[in-house]
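Here is a short report on a protein chain and its ligand. Take a look at the model before reading on.

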Amino acid sequence: MFSIADNLINVRQRIKKAEIATQSVELLAVTKTRSAEELLLAIQSGLILFGENYVNEAIAKQETLQNLCSDEVYNRLIWHFIGPVQSNKTKVIAEHFSWVQSVDREKIATRLNAQRPPNMPPLNVCIQVNINHEESKSGLNTQEVESLAELVHSLPNLKLRGLMTIPKAMQSEEALRASFFDMKTLFEALKKRYSDIDTLSMGMSGDIETAITCGSTMVRVGTALFGKRQL
Ligand SMILES: *Cc1c(COP(=O)(O)O)cnc(C)c1O
């Protein structure tokens, strides 16, 4: 049995080994299905970026943690929504998250913009790309990214930060690399056009190193930190 603190040391070493000198990679702890107690341990180990997939589950844990942590600690945490966004959940997401990494259609972008509370800073947005054109996955094809990027950029309560992808599972290392390089190309093109672009969110527990060597700036890690999910 490894503790979250031990796992974190291991994950940080994997990131550090794969990084090149000019690159700094952020670690997003993916906490879907994990208890508030597990999140508290992760916070105590020094993690501050958290990724959640299910709105109701996330908000319940946020409330619990707000009670368990001091304001100083709680206010440092940064919540990323990374699951598919249903339009009836946009208001709650706009009120409870700093980032949404899974924006993939106009309707969702428009609603998030309209529902972001005026006293909060703009909501950071990544556009989700379905890089392997899988039927079962959310996300846009590469040719569709430009027009949604244009829209997100034009909305005052959203801040376009970059791209997110979940590549096809179980592909060869070579195919995976090709997918990640396509993302990097798209990311560089976007960066030239918009000044706030700095986030290429790719890489999960199984492919942290490959994603980083292909240019990832943020890895989203669940299993390698918390162990296998039961659900
Ligand atoms: C669950 C999930 C992850 C983490 O996957 P692990 O393999 O457990 O590291 C990353 N990104 C998204 C969008 C997820 O849903």
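Which side chain has an N or O atom 2.6 Å from an oxygen atom of the ligand? K32 does. A polar contact here is a pair of N or O atoms within 3.5 Å. N53 places a polar side-chain atom 2.7 Å from a ligand oxygen. G222 uses its backbone: an N or O atom there lies 2.8 Å from an oxygen of the ligand. The protein buries 88% of the 380 Å² that the ligand exposes when taken alone (Shrake-Rupley method, 1.4 Å probe).

## Basis of the model

This is a predicted model; local features need pLDDT of at least 70, side-chain atom pairs count only at pLDDT 80 or more, and totals for chains, interfaces and linings use all residues. Residues are numbered from 1 along each chain as its sequence is written, and side-chain values use heavy atoms, without hydrogens and water.

## The shell

Residues around the ligand include V30, I82, I166, M204 and R229; a residue is near if one of its heavy atoms lies within 4 Å. The shell divides into 5 nonpolar, 4 polar and 3 charged residues. Gly counts as polar in this scheme, and Asp, Glu, Lys and Arg count as charged.

## The chain

The protein chain has 10 helices and 8 strands (DSSP runs: H or I of at least four residues, E of at least two). Its C-alpha trace spans about 45 × 45 × 35 Å along the principal axes.

Key:
Polar contact = N/O pair within 3.5 Å; in protein donor to acceptor, adjacent residues only side chain to side chain.
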